[in-house]
Amino acid sequence: MKHIVAGIVAHVDAGKTTLSEALLYRSGALRQLGRVDNGDAFLDPDDLEKQRGITIFSHQASLRHGALDLTLLDTPGHVDFASQTEQVLSVLDYAILVVSATDGIQGYTRTLWRLLQHYQVPTFIFVNKMDADTADRERVLSQLQEVFSPGCIAFNDAKTADGALPAGADEDIAMQDDAVLESFLDSGTVDDETVRRLIQRRQVFPCYFGAALKVDGIDSLLAGLEQWTKAATYPDEFGAKVFKISHDDKGERLTWLRLTGGVLANKDVILDEQKVNQLRIYDGAKFTIRPQVVAGEVCAIPNLTGTHPGQGLGAQAAGRSPEIQPVLNYTLDPQGNDIHKCLTILRQLEDEDPQLHVAWSSHLQEIRVQIMGAVQLEILQQILRERFNLEVGFGTGSILYKETLTQAVEGVGHFEPLRHYAEVHLLMQPTPRGSGVTFAADCDLEILGKNWQHQVLTSLRAKEHLGVLTGAPLTDVKLTLVTGRASIVHSVGGDFREATWRAVRQGLMMARTQGQTELLEPWYRFRLEVGRDQVGRAMTDIQRMHGSFETPDTATSTAGMTVLTGTAPVSEMQGYVQEVNAYTHGQGQLECLIDGYRPCHNADEVIAAADYDPVGDLDNTPGSVFCAHGAGYPVHWDDVPEMAHVDYRYTASELARLKINE
């Protein structure tokens, strides 16, 4: 049989889980249809999901239809859980994007399309809720073609047998590729294998129409998935990609992965001498145990340690950094609970969702987490209460600022208390927006041995590095070990950890004194639809919020309305939806999507309000420790260059000539 892994993605309330239920039912995998609003949907087995009526965690199910063996991965539809959805995208052969016929393309649908494009996932589209009175097939198809791609083509209609193409679809498909069009003009047809190839290349996006709740159009979609998908080919060498970490009802840690090559058998050694002790194939909340899994299959392995989403195992390379990043910071209010117990539990949840970015400040004795929005925060509190019996609160959310460099700098850290020794020099370079913090080594092994270089790189990866303007996380910087020194007699691994962390901070302080650090803030890309007589008010508001907008558009809006698209700082646009509802009397619509980080529009004001003392932050000190007369003593960060034992690798003029590292 042809084995395919497909994920179902959608804006919340488009009917994604209902579609999953209908596919499982029509394929015979389920005897009875469950419903989200009844709390008995097969792929919403978690109690929280049943209470809320939304998918919060990704789940797996299996079905067979004809010659198709389909592993289905259902994903969350709420934007606050987008990171869970993104984790799944990297292991898919195909995606099924669900669009509501009544609502059309919504804000989060656009984000999903961008992510599918980013991960190059071939995509089928199911237009749901076609039974509604306001559903208009041609209007939705036209919107899909205008907003997403001209390759969005209807693959089913009432007159066509399941799996066959409607009249005229051949020509529409041929129009998406010059070579195929030339062949079509000669022969008048497009062969099936060519259609499959165009779908796989994301030139054609088959669109199916139906009503999942009434199981209408489901047979056509199943037939289409069987007819128009291609099974991947895999290498013989073992490889796998981790896409999810969870804990089962017994508290066992599960590593979810998809094999991308070879075979994995029980008792195989998989990572750091760890043996596979069980291979589980999940179907909803239940699982079967298998002696082995083969390339293309999805499984969960209990009790592995050191795994994380995006990790590559065996021959599989690691995945890219996530596109979706939280932009709000919340401080935990322990409400009388032991703060260290809270930290331990939050670290476990961070293991499942790395985007929580749990941060502990021993200086302030506080815990901070990064959150996408209010719904995720409510769910987090509910998980802490129901799963860990921990009743806590969170303070008011604040904007998650970040810091970066605008020019290269060489940072130095020296750690030499009595009978200890390490010196580290780091080249710190700005990198393109959205690249995060990356690490490298460019140091001769004769200068610093392999073991010590490994200690430096491990130390760099071991913590979140903070900037020196507001103490916000560092981003878009490459940290490269360029030189250093060890002592044959006195150096131990912990010495290089201390020297490395101090080198990062010392470099940032040097850059700050030269005006080469920069505060970044998150920006929204917005779509604002208002009445034509309210456009002037909207434009004034956007300018007041330090945003910008493109030429007003009346062509893609509903009658009598105008659409403004543009960008604005999250800090300014938060809460603007209430204003829009007020001055448009509920007729206006505002959709906001995170559009990455840009220079902060009011940096001086934010820095002053933060009142951050980088030297006083003892968890992140920029100073060094030297030794004289048999005792270690602290040296202020700006005196370190004169006292360093190793010459600087770069001169000031050489650093100035280093451009942004690509």
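Ile345, Leu346, Gln348, Leu349 and Glu352 in helix 10 meet Leu380, Ile383, Leu384, Arg387 and Phe388 in helix 11 (contact: heavy atoms within 4.5 Å; helices: DSSP runs of H or I, at least four residues, numbered from the N terminus). Seven of these contact residues are nonpolar, one is polar and two are charged (nonpolar: Ala, Val, Leu, Ile, Met, Phe, Trp, Tyr, Cys and Pro; charged: Asp, Glu, Lys and Arg; polar: the others, Gly among them). The model is predicted; local features need pLDDT of at least 70, side-chain atom pairs count only at pLDDT 80 or more, and totals for chains, interfaces and linings use all residues. Residues are numbered from 1 along each chain as its sequence is written, and side-chain values use heavy atoms, with hydrogens and water left out.

The side chains of Arg347 and Glu350 form a salt bridge, 3.1 Å from N to O (a side-chain nitrogen of Lys or Arg within 4 Å of a carboxyl oxygen of Asp or Glu). The two residues are about one helical turn apart, because three positions separate them in helix 10. The structure holds 29 salt bridges.

The lining of the second largest cavity includes Asp353, Gln355, Leu356 and Gln376 (cavity: on a 1 Å grid over the protein atoms alone, a set of points where a 1.4 Å probe fits but cannot get out; lining residues have an atom within 4 Å of a point). Four lining residues are nonpolar, four polar and one charged.

Key: 1 Å grid on protein atoms, 1.4 Å probe; cavity = no way out; pocket = protein on both sides within 12 Å on 5 of 7 lines; lining within 4 Å.
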